[in-house]
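Me: I've got a model open and want a quick tour. Can you walk me through it?

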Amino acid sequence: MMDIERGIRVAVDTGDVTLGSEKSIQSLKLGKGRLAVVAANSPKEILEDVEYYANLSEIPFIVYEGTSVDLGSVCGKPFTVATLIINDPGDSTILEAMG
């Protein structure tokens with residue numbers, strides 16, 4: 001859990017991350033992104049959409065154990081983040097950790 005949080009934070013700070021369910025699902029539909037992360041308390045339809053499009057695009061996805069509030073603070077944002085896509089992990093090793 002801690003490694004995932006650190007990995008997300010480093011990716012947000014040093015890489016390219018898409019925040020927000022709508023934008024994230026749009027990216028997945030286009031087959032963009034290297035990893036999708038969904039908060040455990042995301043609405044069921046968002047979780048299902050992310051799972052569906054991630055599988056379709058063969059993009060790995062994880063369900064983050066915390067809430068969207070937790071995920072927002074991991075990203076260093078003052079708002080909730082239900083879904084995010086890591087496009088470029090930057091200095092983060094999160095993709096290797098998923099390996």
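Me: How many helices and strands does the protein have?
Reply: This is a predicted model. The protein has 5 helices and 4 strands.

Me: What pattern do they follow along the sequence?
Reply: The order is α-β-α-β-α-β-α-β-α.

Me: How compact is the protein for its length?
Reply: As compact as a globular protein of that length, because the radius of gyration is 12 Å, close to the 13 Å that the globule rule gives for 99 residues. The C-alpha trace spans about 25 × 25 × 20 Å along its principal axes.

Me: And what share of the residues is buried?
Reply: Of the 99 residues, 41% count as buried.

Me: How much of the contact set comes from residues 24 or more positions apart?
Reply: Such pairs account for 81% of the contacts with a separation of 6 or more.

Me: Helix packing next. At what angle do helix 2 and helix 3 cross?
Reply: Roughly 25 degrees. Their axes come within 8 Å. Helix 2 covers residues 21–29, and helix 3 covers 44–57.

Me: Parallel or antiparallel?
Reply: Helix 2 and helix 3 are roughly parallel, because the angle is under the 35 degree cut-off.

Me: Is the crossing left-handed or right-handed?
Reply: The crossing of helix 2 and helix 3 is left-handed.

Me: Which residues make the contact?
Reply: Helix 2 brings Ser-21, Ile-25, Leu-28 and Lys-29. Helix 3 brings Ile-46, Asp-49, Val-50, Tyr-53, Ala-54 and Ser-57.

Me: How do the residues of that contact divide into nonpolar, polar and charged?
Reply: There are 6 nonpolar, 2 polar and 2 charged residues in the contact of helix 2 with helix 3.

Me: New topic. Where does Glu-58 lie?
Reply: Glu-58 sits in the loop between helix 3 and strand 3, and strand 3 is 61–64.

Me: What is the phi of Glu-58?
Reply: Near 55 degrees, a positive value in a residue other than glycine. Most residues other than glycine have a negative phi.

Me: Is Glu-58 buried or exposed?
Reply: Glu-58 counts as exposed because its relative accessible area is 72%, over the 50% cut-off.

Me: Now Ser-68. Which helix is that in?
Reply: Ser-68 is found in helix 4, residues 68–74.

Me: Why does Ser-68 count as buried?
Reply: Because its relative accessibility is 11%, under the 20% cut-off.

Me: What does Ser-68 touch?
Reply: Leaving out residues up to four places away in sequence, Ser-68 touches Ala-39, Asn-41, Thr-80, Val-81 and Ala-82.

Key. Residues numbered from 1 in each chain as written. Predicted model: local features only at pLDDT ≥ 70, side-chain atom pairs only at ≥ 80, totals over all residues. Heavy atoms only, no water. Helix = DSSP H or I, 4+ residues; strand = E, 2+ residues; numbered from the N terminus. Buried < 20%, exposed > 50% of the residue type's maximum accessible area, 1.4 Å probe, protein only. Contact = heavy atoms within 4.5 Å. Axes fitted to C-alpha atoms, helices over the stretch in contact; angles between N-to-C directions. Parallel < 35°, antiparallel > 145°, perpendicular 65-115°, else oblique. Left-handed = near helix turned anticlockwise from the far one by under 90°. Nonpolar A, V, L, I, M, F, W, Y, C, P; charged D, E, K, R; others polar. Rg over C-alpha atoms; globule rule 2.2 N^0.38 Å.
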